[in-house]
Amino acid sequence: QPAPAQETQVAAAPATQPTPAPAATTTSDRFRWPVSGRVITDFAASGGTGINIEAAEGTSIRAAEAGEVIYVGNAVEGYGNLVLIRHANGYVSAYAHLQQMNVAKGTVVNRGDNIGTAGKTGSVSKPQLHFELRKGATPVDPIPLLAS
């Protein structure tokens, strides 16, 4: 019976080891701000979806990191014109309420590439960017991951 207890401890040890690893990975998962502006809705206020950044209509929106554009359109209710980019590190970034979308699905973009312009499409009354980062399908607060 001590043997299974040891196995449990061995199983528990690897389970605790990955915990520091994601923390270390998180520090290297840095994204650039897609637009400079005041955060008018933080992650908590957005219901845990993303953040809204105030931006004048027509302001360039830039890719937060290199990746492949996996969605361009306006079929997601409330989001207006929306661009989704899949990144190599397992994240997907979302850019909503765009006035113009300057990329097509399948486009490979570099960090900082212009992907569209700020607007007020969807369920907003003033120009802004709704920005989301998802790790897999799970929304995460982008603020700690955005380079200061």
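The questions and answers below go through a predicted model of one protein chain.

Reader: What kind of model is this, and how are its residues numbered?
Author: This is a predicted model: local features need pLDDT of at least 70, side-chain atom pairs count only at pLDDT 80 or more, and totals for chains, interfaces and linings use all residues. Side-chain values use heavy atoms, with hydrogens and water left out, and residues are numbered from 1 along each chain as its sequence is written.

Reader: How many helices and strands are in the protein chain?
Author: Helices (H or I, at least four residues) and strands (E, at least two) are DSSP runs, numbered from the N terminus. Along the sequence the pattern reads α-α-β-β-β-β-β-β-β-β-β-β. The count is two helices and 10 strands.

Reader: What share of the protein chain's residues counts as buried?
Author: Buried means under 20% relative accessible area, exposed over 50%, and partly exposed in between (1.4 Å probe, protein chains only). The protein chain has 148 residues. Of these, the buried share is 34%.

Reader: What part of the accessible surface belongs to carbon and sulfur atoms?
Author: Accessible areas come from the Shrake-Rupley method with a 1.4 Å probe; for residues, only the protein chains shown count as cover. The surface of the protein chain comes to about 7,800 Å². Carbon and sulfur atoms hold 55%.

Reader: Among contacts between residues at least 6 apart in sequence, what share joins residues at least 24 apart?
Author: Contact means heavy atoms within 4.5 Å. Among the contacts you ask about, the share is 61%.

Reader: Where does Thr-41 lie, and which residues is it in contact with?
Author: Thr-41 lies in strand S1, residues 39–41. The C-alpha atoms of Thr-41 and His-130 are separated by 8.8 Å, although the two are 89 residues apart along the chain. Leaving aside neighbours within four places in sequence, the contacts of Thr-41 are Ser-46, Gly-50, Ile-51 and Asn-52.

Reader: Is His-97 buried or exposed?
Author: His-97 sits in strand S6, residues 91–101. Not counting residues up to four places away in sequence, His-97 touches Gly-78, Tyr-79, Ala-118, Gln-128 and His-130, among others. Its relative accessible area is 5%, so His-97 is buried.

Reader: How many salt bridges does a search of the whole structure find?
Author: A salt bridge is a side-chain nitrogen of Lys or Arg within 4 Å of a carboxyl oxygen of Asp or Glu. One of them joins Glu-54 and Lys-126. The search of the whole structure finds four.

Reader: How many residues apart in sequence are the parts that Glu-54 and Lys-126 tie together?
Author: The side chains of Glu-54 and Lys-126 meet at 3.6 Å, N to O. Glu-54 is in strand S2 (51–54), and Lys-126 is in the loop between strand S8 (114–118) and strand S9 (128–135), so the pair ties together parts at a sequence separation of 72 residues.

Reader: Which residues are linked in a network of salt bridges?
Author: Two of the members are partly exposed: Glu-54 at 29% relative accessibility and Lys-126 at 38%. The network consists of Arg-38, Glu-54 and Lys-126.

Reader: Which parts do Glu-65 and Arg-111 tie together?
Author: Their side chains meet in a salt bridge of 2.7 Å, N to O. Glu-65 lies between strands S3 (60–62) and S4 (67–73), and Arg-111 between S7 (108–109) and S8, so the pair ties together two loops 46 residues apart in sequence.

Reader: What kind of aromatic pair do Phe-31 and Tyr-91 form?
Author: Rings of Phe, Tyr and Trp (its six-membered ring) pair if their centres lie within 6.5 Å; planes under 30 degrees apart count as stacked, over 60 as edge-to-face and the rest as tilted. The structure holds two aromatic pairs. Here the centres are 5.2 Å apart and the planes stand at 75°, so the pair is edge-to-face.

Reader: How many residues apart are Phe-31 and Tyr-91 in sequence?
Author: Both are buried: Phe-31 at 0% and Tyr-91 at 6%. Phe-31 lies in the loop between helix H2 (20–28) and S1, and Tyr-91 in strand S6, so the pair ties together parts whose separation in sequence is 60 residues.
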